[in-house]
Amino acid sequence: MTYVVTDACIRCKYMDCVEVCPVDCFYEGDNMLVINPSECIDCGVCEPECPAEAILPDTESGLEQWLELNTKYSAEWPNITTKKDAPADADAWKGVENKFETQFSPEPGEGD
C-alpha cells in the first residue's frame, strides 16, 4: 500500500502534508503535489494534514489512475520538503469537482 494525491489537490496545494512526511516523498508540480509510491512508507501521517482531503490510501477503489499519475510525475517533478504558502485562491478551489480535466498542469513546480 501507498498513499496517493488526487485531483482535490489541484489549484489548492496547501502543502501541510510536506511538513509531516518523515521520508520526504512529495514532489511539486505547477499546481499540485504528488507522492512517490516507492518512497512512501505508508505511515499515513500526511492524510489527516491535508485540508483538501486530497491524500488517500491506494487501497481505496478507483484510485488506479492516481497511482499512475503520482508514479509518473514524482519521477519528473522536483522534490519538496519544506512547506510553502498555498496559492492565494486555494480556498476557492477547495471542493471543486473534476479539476483534473480542466485545471491540471504537467509542468513542474519549483521544489526546494
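Contact here means heavy atoms within 4.5 Å. The model shown in these close-ups is predicted.

View 1. Ser74 sits in helix H2. Ser74 is buried, at 5% relative accessible area. Leaving out residues up to four places away in sequence, Ser74 touches Tyr27, Val34, Ile35, Asn36 and Pro37. Pro106 is 32 residues from Ser74 along the chain, and the C-alpha atoms of the two are separated by 11 Å.

**View 2. The largest nonpolar core.** This core has 33 residues. Val5, Phe26, Met32, Leu33, Ile35 and Ile55 have the most contacts inside the core. In soluble globular proteins, nonpolar side chains tend to be buried together.

**View 3. Val5 and its partners.** Which residues does Val5 contact, leaving aside its neighbours within four places in sequence? Phe26, Met32, Leu33, Val34 and Ile35 are among them. Ala54, Ile55, Trp66 and Asn70 complete the set. Val5 is also one of the core residues with the most contacts inside the core, and Val5 lines the largest cavity.

View 4. The structure holds 0 disulfides. A disulfide needs two cysteine sulfur atoms within 2.5 Å. For Cys25, the closest cysteine sulfur is in Cys21, at 3.7 Å, so it is too far for a bond. For Cys43, the closest is in Cys46, at 6.2 Å, again too far for a bond. Cys25 is buried, with a relative accessible area of 3%. Cys43 is partly exposed, at 41% relative accessibility.

**View 5. The second largest cavity.** The volume of this cavity is about 60 Å³. Its lining is made of 13 residues. Closest to the centre are Cys21, Cys25, Cys40, Cys43 and Cys46. By class, the lining has 11 nonpolar, 1 polar and 1 charged residues.

**View 6. The largest cavity.** The structure holds 2 cavities of 30 Å³ or more. The largest has a volume of about 80 Å³. Its lining includes Cys9, Lys13, Tyr14, Met15, Asp16 and Cys17. Leu33, Cys50, Pro51, Ala52 and Ile55 also line this cavity, as does Val5. The lining has 10 nonpolar, no polar and 2 charged residues.

**View 7. The largest pocket.** About 210 Å³ of space lies in this pocket. Lining residues include Asp7, Ala8, Ala52, Gln65 and Trp66. Gly95, Val96, Glu97, Asn98, Lys99, Phe100 and Glu101 line the pocket as well. Which element gives the most to the lining? Helix H4 does, with 3 residues. H2 and H4 (99-103) each supply at least two residues of the lining. The lining has 5 nonpolar, 3 polar and 4 charged residues. Ala52 also lines the largest cavity.

**View 8. Ala86 in the loop between H2 and H3.** The place of Ala86 is in this loop. Lys99 is 13 residues from Ala86 along the chain, and their C-alpha atoms are separated by 17 Å. Lys99 is one of the residues lining the largest pocket.

View 9. Most residues other than glycine have a negative phi. Glu53 is not a glycine, yet Glu53 has a positive phi of about 55°. Glu53 lies in the loop between S3 and strand S4 (55-57). Glu53 is exposed, at 64% relative accessibility. Asn98 also has a positive phi of about 55° although it is not a glycine. Asn98 lies in the loop between H3 and H4. Asn98 is among the residues that line the largest pocket.

Terms used: Residues numbered from 1 in each chain as written. Predicted model: local features only at pLDDT ≥ 70, side-chain atom pairs only at ≥ 80, totals over all residues. Heavy atoms only, no water. Core = buried A, V, L, I, M, F, W, Y, C linked by side-chain atoms within 4.5 Å. Buried < 20%, exposed > 50% of the residue type's maximum accessible area, 1.4 Å probe, protein only. Helix = DSSP H or I, 4+ residues; strand = E, 2+ residues; numbered from the N terminus. 1 Å grid on protein atoms, 1.4 Å probe; cavity = no way out; pocket = protein on both sides within 12 Å on 5 of 7 lines; lining within 4 Å. Points joined across faces, edges and corners; volume = space filled by probe spheres on them. Nonpolar A, V, L, I, M, F, W, Y, C, P; charged D, E, K, R; others polar.
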